[in-house]
Amino acid sequence: GLENLHPQHIGGGFDYPWGRLKLTIAQHGSSLPDGSYGGNPAGLLFYIDGKKIYHACDTGLFYDMKLIGEEGIDLAMLPIGDNFTMGPDDAFRAVQLIEPKRVIPIHYDTFDVISQDAKRWGERVAQETSASPEVISPGEMLSL
């Protein structure tokens, strides 16, 4: 019942009125809670007002993140929860591959099995990479 949609697929980009969106690969399953097929997993690369934002979604670590980083990423959003996505160590490696200017940890602490210390992860990122970590609370906003 949705209207005014534009279909896309991995590797493809499209110019919307607000900016450009390109779909990237993401390494994770795509089954829905009832077991039905949820479609191809994808990450999101936004080009908005001269900024490049990478949302990795529920992915695990993969080496082609280095190629995404070659875009010159202003902000990366990377999962750190582990169990269902990459955990803190792999997310740290992703920061090293992508080399974003800023990074936000995502997909953690919503239930016990993905509980993580985002502050400690951010401190490691700040000490060992050139990225600026931004640990934000649910509902909090960040300006680029």
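Biologist: What does Arg-20 count as, judging by its relative accessibility?

Modeller: Start with the scale: under 20% relative accessible area is buried, over 50% is exposed, and partly exposed is in between (1.4 Å probe, protein chains only). At 31%, Arg-20 counts as partly exposed. Before we go on, this is a predicted model: local features need pLDDT of at least 70, side-chain atom pairs count only at pLDDT 80 or more, and totals for chains, interfaces and linings use all residues. Residues are numbered from 1 along each chain as its sequence is written, and side-chain values use heavy atoms, with hydrogens and water left out.

Biologist: Which side chain does Arg-20 meet in a salt bridge?

Modeller: The rule for a salt bridge is a side-chain nitrogen of Lys or Arg within 4 Å of a carboxyl oxygen of Asp or Glu. Arg-20 meets Asp-15 this way, at 3.1 Å from N to O. Asp-15 has a relative accessible area of 53%, so this residue is exposed.

Biologist: How many salt bridges does that rule give?

Modeller: The count comes to 5. One of them joins Asp-74 and Lys-101, at 3.0 Å from N to O. To place that pair you need the elements: helices (H or I, at least four residues) and strands (E, at least two) are DSSP runs, numbered from the N terminus. Asp-74 sits in the loop between H1 and E5, and Lys-101 in the loop between H2 and strand E6 (102-106), so the pair ties together parts that are 27 residues apart in sequence.

Biologist: Are Asp-74 and Lys-101 buried or exposed?

Modeller: Asp-74 counts as buried at 9% relative accessibility, while Lys-101 counts as exposed at 53%. Another bridge is made by the side chains of Arg-102 and Glu-134, at 3.1 Å from N to O. That pair links distant parts of the chain, 32 residues apart, with Arg-102 in strand E6 and Glu-134 in the segment after strand E7 (132-133).

Biologist: Which residues are linked in a network of salt bridges?

Modeller: Asp-89, Arg-124 and Glu-128. Arg-124 has a second contact worth a look. A charge sits over a ring if NZ of Lys or CZ of Arg is within 6 Å of the ring centre and within 35 degrees of the ring normal. Arg-124 lies over the face of Phe-92, at 3.8 Å from the ring centre.

Biologist: On to rings, then. How many aromatic pairs does the count come to?

Modeller: Rings of Phe, Tyr and Trp (its six-membered ring) pair if their centres lie within 6.5 Å; planes under 30 degrees apart are stacked, over 60 edge-to-face, and the rest tilted. By this rule there are 4 aromatic pairs. Tyr-16 and Trp-18 have ring centres 5.1 Å apart and planes at 5°, so that pair is stacked. Trp-18 and Phe-46 have ring centres 6.0 Å apart and planes at 50°, so that one is tilted.

Biologist: Where do Trp-18 and Phe-46 lie?

Modeller: Trp-18 is in the loop between strand E1 (13-16) and strand E2 (19-25), and Phe-46 is in strand E3 (residues 42-48), so the pair ties together parts 28 residues apart in sequence. Ring pairs link Phe-14, Tyr-16, Trp-18 and Phe-46 into a cluster. Trp-18 itself is partly exposed, at 41% relative accessible area.

Biologist: What about the inside? Which residues of the largest nonpolar core touch the most other members?

Modeller: In soluble globular proteins, nonpolar side chains tend to be buried together. Here a nonpolar core is a set of buried Ala, Val, Leu, Ile, Met, Phe, Trp, Tyr and Cys residues joined through side-chain atoms within 4.5 Å. The largest one has 24 residues, and Tyr-54, Met-65, Leu-78, Val-103 and Trp-121 touch the most other members. E3, helix H1 (65-69), E5, H2 and helix H3 (118-128) each supply at least two residues of this core. H2 gives the most, with 6 residues.

Biologist: And which residues form a nonpolar patch on the surface?

Modeller: Patches take residues with over 30% relative accessible area and no salt bridge; like charges are joined within 9 Å, nonpolar side chains (Val, Leu, Ile, Met, Phe, Trp, Tyr) within 5 Å. Areas come from the Shrake-Rupley method with a 1.4 Å probe; for residues, only the protein chains shown count as cover. Phe-84, Phe-111 and Val-113 form such a patch, with about 310 Å² of accessible area together. Phe-84 is in the loop between strand E5 (75-79) and helix H2 (88-98), and counts as exposed at 53% relative accessibility.
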